Amino acid sequence: MKVIATDVLIIGAGLAGERVAIATAKEDLDVIMLSLVPPRRSHSAAAQGGMQASLGNSIMGKGDNPTIHWLDTVRGSDWGCDQEVARIFVDNAPIAMREMAHYGVPWNRVVGGPQDVFIKSKKTRIEEDYEKEGLITARAFGGTAKWRTCYTADGTGHTVLYAMDNMAVQLGIDVHDRMEAMRLIHDNGRCLGAVTRSLRDGEIVVYLSKSTVLATGGYGRLYGISTNAVINEGTGSWLALQTGIVPLANMEAVQFHPTGIVPTDILVTEGCRGDGGTLLDVDEYRFMPDYEPEKQELASRDVVSRRMMEHIKKGKGVKSPYGDHLWLDLRHLGEEHLKTKLREVYDICMYFIGVNPIKELVPVRPTQHYSMGGIRVNKDGHAYGMKGLFAVGEVANWDMHGFNRLGGNSLAETVVAGMIVGKCVAEYTKNTSLKTDVALAETFTQKELDKITQLLNGSGNENVYQLENEIADALHHNVGIFRNGGELDEGVAKLKEVVKRTKNVKVRTSSSGMNPELSSALRIEGKAKQALIIAMGALNRTESRGAHYREDYPARDDANWLNRTLSRWPEGAEEPVFDYELVGVLDLPPGDRGYGGGEQIPMKIDLEEYNNRVDQDQTVKGRLKPVESTGIRLPKEAWKEAE
Amino acid sequence: MGRTLNCKIFRYNPTKENDKPHIDTFYLEETPRLNLFTALSKIREEQAPDLMFDFVCRAGICGSCGMVINGRPTLACRTLTSDLPDTIELFPLPFFKLLGDLSVDTGIWFRDMAERVESWIHTETKFDPIAEEERMNNTLANEIYESERCIECGCCIAGCATAQVFPEFLGAAGLNRIGRFLIDPRDQRGNEEWFELISTDEGIFGCFGMMACDDVCPKDLPLLEVFAHIRQKMTGMTLKTLGGFKS
Ligand SMILES: Cc1cc2nc3c(=O)[nH]c(=O)nc-3n(C[C@H](O)[C@H](O)[C@H](O)COP(=O)(O)OP(=O)(O)OC[C@H]3O[C@@H](n4cnc5c(N)ncnc54)[C@H](O)[C@@H]3O)c2cc1C
Ligand code: SF4
Ligand code: SF4
Ligand code: FES
């Protein structure tokens, strides 16, 4: 058994993982990052549109501040987020953007003087302030009161990840790429490292660490049809679930992005609509202002996606061999704009579907895009119930997004949370000694080896690719944008069946090396179990909140459901166990979002009583004590000044 | 009726005893708008479960899927079969370490390149979290972005004659990385440091300037202009080093 010891083991080398690596390496700790792929190929590289921070440099962002950003975020979350965490995020986002500039990101900058832009799709002349010339500029995104999304053309994730990785290279941080973490090693509520498998040659390697950080990204690929990279298979959240101790939170909160292209489901950024693009129907009629007179195409994603599906259901979709879709109209933005600020979008349309967006309409429809759910952590990023285990980025439920995250808030979360959680990891690690329990590591390794033997030599007859398709199918058809009891019941039944069948998977070739089919087979149990959790969570939640929409329960129910779903899968159990905790201290009382319509059932208890229960409730549900007490970062009623 | 595609794929598993490089042929029904990501995934699911290849973003953004397609190094995910003849020949990118079949280790090479060219902003300035960011002209930001767009796919290296005979050569991607930091005012490297990096056989002297790289780069990076700028800068530095001019 090959064993490698380190202070900090970071599983995942996207933006969130790298930011934690930098924070801890700067504290002179030994750090190793693991990744399925070379760090720069992580999915963060694919983010296009930008990241939100209330710098307020552009004239269209004038007067912006963290409190306004916070209000947008809390409303966007449909009050499902932890308001204190959202506050920590908005306060630090401007610092993070500037720090990334310091690391080398070539942010687009303010150009003083008159500029022609589109506002609510009308060509408008604005005057940028000469005083602000050369500072980081911003574009419009959905669900925001100000232009706040910082960008480098439509390659923001790419430039930010490259700058971050440059810093990691400069600091000499070790990366072991093509290494997949398979199992966490833990004992008595403490994480001691991980068992991994090399995707180069199939070798099993054990890492022992003082602290372990999961930064593995989202689980979008469970849906099959998704804008996500093919490696976003929820392997990191599975690592946590597999412990039987650490809960996954709000897994039913799945975001659908309004503009995946048809076919191929590749994303074209929200920046398209932010920059003035419009949505048209089969008659080339612009329908969004009819549904959302105020925000139009730039309501939050959950709302725009629902409106689009609603419009398609009215027969206004465009028929195609790949199903009905709508159009994204970018023609009026002009060639110059499309070949500079939306260049990736231009390339994607041209190469993948042969559509020239300068002259033609782009076929789009809502497509699975983001995982609000994930490993439940406290505000330090420390996982519930497991000392020494942290989670950060899309895989974590830190919970600034609640039931719908705003565009541009996720990429920003990775670097902000990376910064904050990185500090906590460093602190924790410095006060911890390495526990090298080789016998324990061997037990966990043996479990993995047994699983491999079973898959290669067992007597099963299930085909892993078939099961993957069935999972995707069940989620797509039964746990989609519009949900209802009947379809969810059916989805749960199908997925329970699939979970059972994963025990009988058989790999067809015993080829040596990484063996791609074996690699997939090793992931299938985690995929099936998480899919079932998504479906059961959605069935249990008899209300509509953010991206979770129940046709049979269309109201947001703050009397009964102003809470967060927690799911665990105890070792050996047939089914997951559900629990619910209060969302956190509420400063902005639940109200109307200002878009999306819908009814709200008011809270049964008053705000103060709710808030008084939070700390104790979350502690009972497994939360480790955060370094600072609950609610301390939330300035009381600061929002009243911004209103 | 769609075409039947005849996919001839290079196979070799270095971890398998006695395996020898060979070609396997797979037949596949062409569907509308089929790209090589979907095609290869289908072949793996239905015909060759042990076939190795790399895709991540499948959107032409992450640089994972460089391979030689009918003789040309390019991104497989955004190559449509409708742009190819009935017979499709797929080989791994040459130059890089072969991991198996169509999968090569570009990651290690690019990390090494980043270390060699010190691909980061060299600065003495400390980050001040409460200070306003340093200003930059937007035109310059856009120019830096042009070079920054490289996705490290390795196609330019695979297509470069120098790289094949001289493995230490930094290649177009390496030279482009130098060019990116050369124009960034935040990077405070001095002429001497740049000179040491550029005017070597690993650097610009190794380059024949036939621009195969420029021809294959799937992101259309302005490599020609970047190289011209590097040469120009170097000439300026040479003159200074020879003691001719002071600027
Ligand atoms: C197409 C697209 C565009 C987007 N655009 C935007 C945008 O404009 N603005 C915005 O705010 N958000 C955007 N998002 C969302 C945002 O990009 C992601 O949420 C964010 O980048 C996630 O970063 P991360 O660091 O958490 O994870 P990732 O970048 O996904 O990195 C995950 C890392 O974990 C590794 N890993 C995974 N599993 C394992 C394992 N078992 N063992 C070892 N390593 C593992 C992977 O190799 C990878 O290095 C976009 C998302 C998509 C899909
Ligand atoms: S110009 Fe020719 S020799 Fe120079 S980097 Fe490009 S391909 Fe290689
Ligand atoms: S320069 Fe072009 S071809 Fe070379 S690695 Fe970068 S993107 Fe690929
Ligand atoms: S898979 Fe990312 S570029 Fe092809």
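## The interface between chains B and A

Together, chain B and chain A bury about 5900 Å², 51% of it on carbon and sulfur atoms; buried area here is the accessible area (1.4 Å probe) that two parts lose on being put together, summed over both. This is a predicted model, in which local features need pLDDT of at least 70 and side-chain atom pairs count only at pLDDT 80 or more, while totals for chains, interfaces and linings use all residues. Residues are numbered from 1 along each chain as its sequence is written, chains are lettered from A in the order in which they are written, and side-chain values use heavy atoms, leaving out hydrogens and water.

In terms of contact (heavy atoms within 4.5 Å), 70 residues of chain B meet 75 residues of chain A.

## Salt bridges and contributing elements

The rule finds 6 salt bridges across this interface, each a side-chain nitrogen of Lys or Arg within 4 Å of a carboxyl oxygen of Asp or Glu. A:Arg40 forms a salt bridge with B:Glu152, with the closest N and O atoms 3.2 Å apart.

Among the elements giving two or more residues to chain B's side are helix 1 (36–46) and helix 6 (171–182) of chain B; helices (H or I, at least four residues) and strands (E, at least two) are DSSP runs, numbered from the N terminus. Helix 3 of chain B brings the largest share, 7 residues.

## A sheet in chain A

Let's turn to chain A. An open sheet of 5 strands there has the order 18-16-11-20-21, with mixed pairing, where two strands pair if DSSP finds at least two bridges between them. Its edge strands are strand 18 (396–397) and strand 21 (577–582) of chain A.
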